Amino acid sequence: MSPQATGLQERIASGKTILLAEVHPPRGGDPAPLREAARLYAGKVHAVGVSDNRDRVAMSALAAASLLKAEGLEPILHVTTRDRNRIALVSEALGAQALGIRNLLCTSGNHQTLGNFRAARNVYDIDAVQLLQTYANLATDGGLLGENGLEGAGPFCLGAVASPDADPPALQWLRLDKKTRAGAKFLVTQPVYDLERFETWWREVVSRGLHERAAILAGIHPLSDSHFAHAGPRAQQAIPDPLAARLASLTDPGAWRDAAIRIALETIHRLSNLRGIRGFCISADGDHDAALQIIDESGLASD
Amino acid sequence: MIVADRKKIPEIRDMIKNHRRVLLVGCGTCVTVCLAGGEREAGIIGSALRMALRLQNRGDVVVDECTIERQCEDAFIDLLAPRVSDYDAICSLGCGAGVQALAERFPKMPLYPGLNTQFMGILESQGVWTEKCSGCGNCRLGEFAGICPITRCAKRLFNGPCGGSRDGKCEVHPDLGCGWQLIYDRAVNLGILGRFERIVPPHDWSTGLDGAPRKVVREDQCIAGLCSRT
């Protein structure tokens, strides 16, 4: 293990279960919500993903990650290719390193028209695979900027997103394989709702040996009623009918929330049986109490 | 071809209503084919504008129509020149290139666009046109089974589909086909799926608009010493 390994990297190397939470930076300039989140998750998870303007404008993910780190958490900075070109993306990584943040999750991000940014221009200069490769090689080829290697850049602990529900499967496999070849050491799946589909996907992961090349964590996202209501028909396709029916029958918001937490726990319980799965990433759209309840009751709390 | 769409009549009316005599100029090329700004549309838009102006008590504004074969070429614009001095504004029903060609040719004439120029595309079915080309200046269709990932993928991904592709559709719009599904379908037909195992390096955007507005110069077609118009 390199002396520069991040805490997450060490955890990946240990072979033990990895538990992540996700924090969305506040929609304002007040750091207090981050300090509160840091207090809540301290000692409960191995690292915390920090989303990058996911579907609304929020505080800079790098600033938020830095604040969380100062409070003792191990941040994973999400970096999307939607809003920045290769110049800004490399600069972001160098800034992150200077702030002691070297876990970077590279993703193309939600298309801006699906959030509150309909009129915004997107960038998409490079894609997530190219971003991984850029970050992996910053020290040697300057991250494809036409420069020589950048002094003292990296190494980073790189991650990416996996999409078990997406099509066409043959190309999704190629893309996932490229992500690991480009340098991803951990993969977090999109939220899992369709367990059978996920298990089918997992069999293919194992037969391709992808779980041996990167630590794969299942995304767990208790479906809040507002999220469910606002998910378009396309997003709802990922939610199997019996699950949707189970939730839709509940009119009381409290009962809905309880059921969503139960479903998340059932999902963790069932997926824990899969050979080679390395852990879970719990994200509850800012409902930290729900996330913490899932973490506590799942028995996965950080050791 | 270049595909355009008509602006709403009130928007055009409000652009021209403070002029006295307006010449509405159709174009006989792309926008005729896509039924947006040809001779027929110029007539319809002209009538609608006259009505809309009368309803706002601006019936005194004269709107006449004429259509030239190609607004993007001086040789055809020249045919318009004798008429232009009778007007104090032009509303072009050409694409953005046409509007600007007229603006360059008539430096003192106010110019207004009557169309929203959309894209380079094709007629998909009767009344439906779809975008196919972004004019990036560095065509890579040969690498991607004849389907352009820059134009047909909402995220311009070069290394495969994102997580928003499901049942052949893009999550950005329910009737938008996923560009990578289309690439996949053709790659399977052509037996070249293995080609997509390679990590495609970052694209060079400098040949496109990111490299600043472009110019194509064909030395072999230029008259000696007159290669550049500027």
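Reply: First the term: a disulfide here is a pair of cysteine sulfur atoms within 2.5 Å. The model is predicted, so local features need pLDDT of at least 70 and side-chain atom pairs count only at pLDDT 80 or more, while totals for chains, interfaces and linings use all residues. Residues are numbered from 1 along each chain as its sequence is written, chains are lettered from A and ligands numbered from 1 in the order in which they are written, and side-chain values use heavy atoms, with hydrogens and water left out.

Me: How many disulfides are there over all chains?
Reply: The count is 0.

Me: Are A:Cys106 and A:Cys281 buried or exposed?
Reply: Buried means under 20% relative accessible area, exposed over 50%, partly exposed in between (1.4 Å probe, protein chains only). A:Cys106 is buried at 0%, and A:Cys281 also counts as buried, at 6%.

Me: Moving on, what share of chain A is buried?
Reply: Of its 303 residues, 56% count as buried.

Me: What does the C-alpha trace of chain A span?
Reply: About 60 × 45 × 45 Å along the principal axes.

Me: And contacts in chain A, what share join residues at least 24 apart?
Reply: Contact means heavy atoms within 4.5 Å. Among contacts between residues at least 6 apart in sequence, the share is 77%.
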